[in-house]
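Let's walk through this structure one local feature at a time, with the viewer open alongside.

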Amino acid sequence: MTFHLSPFYRSAIDACRKAQRLLSSELTPSLFEKEGFVGAGGDLSSGMDMAVEKLLMDALGSFGSFDSEESGRVGEGESTIILDPLDGSANALSRFPYYGISIARLDGEGILKEALVCNLANGDLFLIDSGGNPLKGDLASERFKIPVPPPRPEIGLFEKAYAHPAIVAALDAEGLKFRSPGAVALSLAYARYVNYMLFVGPFRIYDFAAGLALCKGLELIVEEDYVIVARDPEVAGKLDKIVRERSAEKV
């Protein structure tokens with residue numbers, strides 16, 4: 001379908017292409033180093049995180065100020081651009097092909113105007129149009145389409161499953177298969193292609209600002225310490241019950 005890319009989207013996509021080229025080239029040792037800088041999101045930042053952040057800030061600085069998982073608040077402008085420069089950075093540092101970029105632009109009143117998530121490993125590109133409707137494309141072209149999910153997906157996605165063995169056991173007992181790929185924004189972008197997406201942990205805006213916007217039309221449950229996205233309200237309700245019960249057992 002024909003979709004007119006805004007100047008912001010064009011600049012963002014161009015930066016994503018540059019980041020993809022950087023991370024698919026021969027990487028220097030400095031990109032893998034972590035030298036003690038703790039980013040605004042609370043994690044140690046690597047040279048790879050900082051290199052991608054610089055590409056994005058250079059490309060998008062004329063559109064507003066930044067709130068980035070790495071460097072926090074940077075720059076000035078009416079709009080605020082929320083960045084996760086390298087979603088799934090542990091995957092990228094391990095050369096596991098599930099990592100990407102998350103970008104959301106809020107206007108001066110805090111209203112979301114543009115949201116984009118890009119899988120740098122395979123070029124999948126997700127964004128919303130001016131009506132907030134999700135579209136899917138790829139970095140190799142500027143053609144976008146309405147996402148067409150499979151009729152009966154067999155798995156869900158559970159981010160941070162390793163930290164919640166009781167929930168894992170409950171999902172297994174209910175026959176709710178899942179994978180835990182390790183990149184929250186990307187998993188939100190793919191949420192309509194799977195049975196459900198579950199995240200349990202502290203809510204950080206960098207992980208969710210763009211990804212949740214891509215979940216329009218799905219069942220959403222957003223709490224302070226967990227997020228559920230599902231195609232089926234019954235599945236969402238079942239997941240909500242599991243998380244609440246297992247969380248109560250910890251208290």
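Start at arginine 95, which sits in the loop between helix H3 (89-93) and strand S6 (100-106). Helices here are DSSP runs of H or I with at least four residues, strands are runs of E with at least two, and both are numbered from the N terminus. Before going further, a word on what you're looking at: this is a predicted model, where local features need pLDDT of at least 70 and side-chain atom pairs count only at pLDDT 80 or more, while totals for chains, interfaces and linings use all residues. Residues are numbered from 1 along each chain as its sequence is written, and side-chain values use heavy atoms, with hydrogens and water left out.

Back to arginine 95: what is its phi doing? The angle is near 60°, a positive value in a residue other than glycine. That's worth a look because most residues other than glycine have a negative phi. As for solvent, arginine 95 is partly exposed, at 37% relative accessibility. (Buried means under 20% relative accessible area, exposed means over 50%, and partly exposed is in between, using a 1.4 Å probe and protein chains only.)

Lysine 160 also has a positive phi, this one near 70°. You'll find lysine 160 in the loop between strand S10 (156-159) and helix H4 (165-173). With 32% relative accessibility, lysine 160 counts as partly exposed.

Now for the charged pairs. A salt bridge here is a side-chain nitrogen of Lys or Arg within 4 Å of a carboxyl oxygen of Asp or Glu, and by this rule the count is twelve. One of them joins aspartate 14 to lysine 18, with the closest N and O atoms 3.6 Å apart. Both residues belong to helix H1 (residues 7-24), and they are four residues apart, about one turn of the helix. Aspartate 14 is partly exposed at 33% relative accessible area, and lysine 18 is partly exposed at 40%.

Where do the partners sit when a salt bridge links distant parts of the chain? Take glutamate 69 and arginine 204, whose side chains meet at 2.8 Å, N to O. Glutamate 69 is in the loop between strand S3 (65-68) and strand S4 (72-74), while arginine 204 is in the loop between strand S12 (196-200) and helix H6 (205-208), which puts the two 135 residues apart. Glutamate 69 is buried, with a relative accessible area of 7%, whereas arginine 204 is partly exposed at 22%.

Another pair to click on is arginine 246 with glutamate 245, where the closest N and O atoms are 3.6 Å apart. Arginine 246 is partly exposed at 22% relative accessible area, and glutamate 245 is partly exposed at 34%.

Cysteine 118 is buried, with 0% relative accessible area. Cysteine 215 is in no disulfide either, and the nearest cysteine sulfur, that of cysteine 118, is 17 Å away. Cysteine 215 is buried, with a relative accessible area of 0%.

Conventions: A disulfide is a pair of cysteine sulfur atoms within 2.5 Å.
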